[in-house]
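Welcome! Take a moment to look over the sequence and the structure below, and then let us walk through a few of its features together.

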Amino acid sequence: MPRYALLATHSLGQPASDAGEDVAAVVQLLGTDGEPEGALEPVTRDRIPAVVAAIEARGLRWVWDRTGDWYPSLLAAGVSVERAHDLSLCRNILRFSTSADETAYVDSLRRQDPDAADGPPQALAPPRPPENQGALFEEAKPATAAAETLAEEFRRQLEAVPRTPRGRRLQLLLAAESAGAVIAAEMRHHGIPWRSDIHAALLRDELGPRTAHGVRPARLEELAHLLRSLLGDPALNPDSHQDLLRALNRAGVPAKSTSQWELQEYTHPALKPLLRYKKLSRLLSANGWAWLDAWVADGRFRPEYVVGGVVTGRWASRGGGALQIPHGIRDAVRADPGRVFVVADAAQLEPRVLAALAGDRALADAARGRDLYQGIADRGFGGDRASAKIAMLGAMYGATTGESGRLLPQLARTFPRAVGLVEQAARHGEGGGEVCTFLGRCSPPASPQWLAAQRTSSAEEQRRADQAARTRGRFTRNFVVQGTAAEWALCWLGELRRRLRAERAAGREVGEVVFFLHDEVVLHVPAAFAADASAIVEQAAAAAAELMFGSIPVEFPVSVATVDSYADAK
DNA sequence: ACGGGCCGCGCG
DNA sequence: AAAGCGCGCGGCCCGT
């Protein structure tokens, strides 16, 4: 009985451009260990959705190189899939994971040039299609591996995961990452509901009537004029940092930079309008009319999510700044008529993850209530919540100076296991070592240049090397926490999707997941389903914790709000 | 004209 | 009172 179905662009017997004008894909059924079962089936472009839907109905799991190559057009054709294995994402994890067996495949991944475009390792690379060899003037295309090559790689990936507790965690990570890719494509397909009219009205209120690109709107022009007179510089361009710094210094403001946190330290009549100018200028350049034109169409903002785009495993995005939507314009995110948003946020995810990672019973106890920082404060800081929060964030980020650094010993006395874990991660990174998340995503190894710089003789170089070591230590320190939190969030998303699909399969109208932001998820659901959706989001959070950590005394509460406008969440 | 570096600021 | 993590993006500046 086949268990998987591989979808690829061509087979070795049929190089892409030889495969007949309409053959756009080949499907190969695979058994439990990835071994081929039956013949390769060529599929013409117009039949791909129907063929996928038929195989999907048999309950097989998809295997493909990149989810983004296939799934968007399947979704456009109305076909969704239950599960997939994304070879490229799993390749990236296996490359550095110390939980993987040191097979020849994993070894070849580790040897890959860090700057090379990713793809199957050299040993598995397909022969170059012959017709490309003379085509000197053709645009270079990334090689699309043949079905046989990808099937082989899938087997190598399966066999690289050991049958041990660590291996099972790695297996979960590979599954969660692949599920993330599927969810990311679905979120882009649905898009975030975005009211251009509300956004435009907000721009007009703040900036004045719309102007051509490159022309300052009225409010900004007025402020620029005012700044020129207040700083006594008729030629001042407030968008130029060096212009601005010179003018400020001449006017008696001894700022070293033009950043807002530094400027607000000084007193000068020009500073208030300058900060106002910066605020409005940012709104215009980042989320002004040009942004609306470029990114919002048919009432939806459809950003591209880059799963695993951050080294820690967090998602990144490309285009439109999807993960940086300012709070000030979130009122443009409005539910369709008859629908609402269910917005859920994992409360203080990272310190909770640290408690679970370190098995720190005291921190788990502190996290029992709904307010983790108050719990920490009550146990180690005489009830002072602000200090507790600064100390905890400093411990996870590697602060050494200021209040945060000063409070660290106090935190360490109360929660020795949790603080010990991040300290050890930091020491390891400073020494050039790698660290790993709970499920087994590992930090990239130190570069040869970094290692070489650590062995130096001159005093000045040594100072720089020490600085680089501390910087790397802060990175590895944070990696274990941020990366494990990202894994929890992936599991949360996956569990949420599974439950929503089950509801949908039972005939209920459940809406969609439309946005995900590290530890927050937004569902766009029929109003009648909102209460059920809220419960499902909470169940998914509990299930994610259980899936990753098993039965542990650490709670992962989510705060859920049902709103019409995203601005009203939290 | 284009692009890399840097700054500054938005998000978590 | 801005130290300490991870990103994307747009603008300016200066090199080619």
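Contact here means heavy atoms within 4.5 Å. This is a predicted model, in which local features need pLDDT of at least 70, side-chain atom pairs count only at pLDDT 80 or more, and totals for chains, interfaces and linings use all residues. Residues are numbered from 1 along each chain as its sequence is written, and side-chain values use heavy atoms, with hydrogens and water left out.

| Domain of chain A | Residues |
|---|---|
| Domain 1 | 4–128 + 143–190 |
| Domain 2 | 196–293 |
| Domain 3 | 303–349 + 487–568 |
| Domain 4 | 351–480 |

Between the C-alpha centres of domain 1 and domain 2 there are 49 Å.

Ala 395 belongs to helix 16, residues 385–397; helices are DSSP runs of H or I with at least four residues, numbered from the N terminus. Setting aside neighbours within four places in sequence, Ala 395 touches Leu 408, Leu 411, Val 422 and Arg 477, with which it is in contact. Ala 395 and Leu 408 are 13 residues apart in sequence, and their C-alpha atoms are 6.6 Å apart in space.

Definitions and conventions:
Chains are lettered from A and ligands numbered from 1 in the order in which they are written. Domain bounds come from an automatic or database domain assignment. Helices (H or I, at least four residues) and strands (E, at least two) are DSSP runs, numbered from the N terminus.
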